[in-house]
Amino acid sequence: QVQLVESGGGLVQAGGSLRLSCAASGRTFSSYAMGWFRQAPGKEREFVSAISRSGGSTYYAVSVKGRFTISRDNARNTVYLQMNSLKPEDTAVYYCAAGPRSSTYLDGYEYWGQGTQVTVSS
C-alpha cells in the first residue's frame, strides 16, 4: 500500500509560482508512475501531468504545458509539480496519484493523496 502526502499549496498572485510536493511511503516508489490531477469548484477532476517510473517520460495537459514541470526524486520518494506563470483558472485542489504506469485517466491510478488547495488571485 502506498500513502501519498501532498504539500506546497497556497495562495499566490497571478503570474506567480508554486511548487507542489508529494511524498510517498514505502520502499517501492520507483516502481510507480506518478500523476497530478486537479479539481476546480463545480468541475470534474482533470489530468494535469504525469511522469514515468524512471522520470524519463513526462506528459502535460495542453492547458499547463510550458508553464508546469513535473519531476521526481526517487531517492527522496517524492514527486514535484513546479507551477510557473500561474493563472486564476489554475485555482483548484491538486491531487497526486500513483499507478503502475503513467496515464491521463483517473482510473489508471491506484493511490491518491488528500489534495492541496492552490488559489491564484488576479
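Which residues is Gly8 in contact with, leaving aside its neighbours within four places in sequence? They are Leu18, Arg19 and Leu20, where contact means heavy atoms within 4.5 Å.

Before I continue, a word on the basis of this talk. This is a predicted model, in which local features need pLDDT of at least 70 and side-chain atom pairs count only at pLDDT 80 or more, while totals for chains, interfaces and linings use all residues. Residues are numbered from 1 along each chain as its sequence is written, and side-chain values use heavy atoms, with hydrogens and water left out.

Gly8 lies in the loop between strand E1 (4-7) and strand E2 (10-13); strands are DSSP runs of at least two residues, numbered from the N terminus. Gly8 and Arg19, eleven residues apart in sequence, are 5.9 Å apart in space, C-alpha to C-alpha. Gly8 is partly exposed, at 33% relative accessibility. Here buried means under 20% relative accessible area, exposed over 50%, and partly exposed in between, with a 1.4 Å probe and protein chains only.

I turn now to Thr116, a residue of strand E11 (residues 116-121). Thr116 is buried, with a relative accessible area of 11%. Not counting residues up to four places away in sequence, Thr116 touches Glu6, Gly9, Leu20, Ala92, Val93 and Tyr94. Its side chain reaches the backbone nitrogen of Gly9 at 3.3 Å.

Finally, the largest nonpolar core has 34 residues, of which Leu4, Met34, Trp36, Leu81, Met83 and Tyr94 touch the most other members. Such a core is a set of buried Ala, Val, Leu, Ile, Met, Phe, Trp, Tyr and Cys residues joined through side-chain atoms within 4.5 Å.

Methods. Helix = DSSP H or I, 4+ residues; strand = E, 2+ residues; numbered from the N terminus. Polar contact = N/O pair within 3.5 Å; in protein donor to acceptor, adjacent residues only side chain to side chain.
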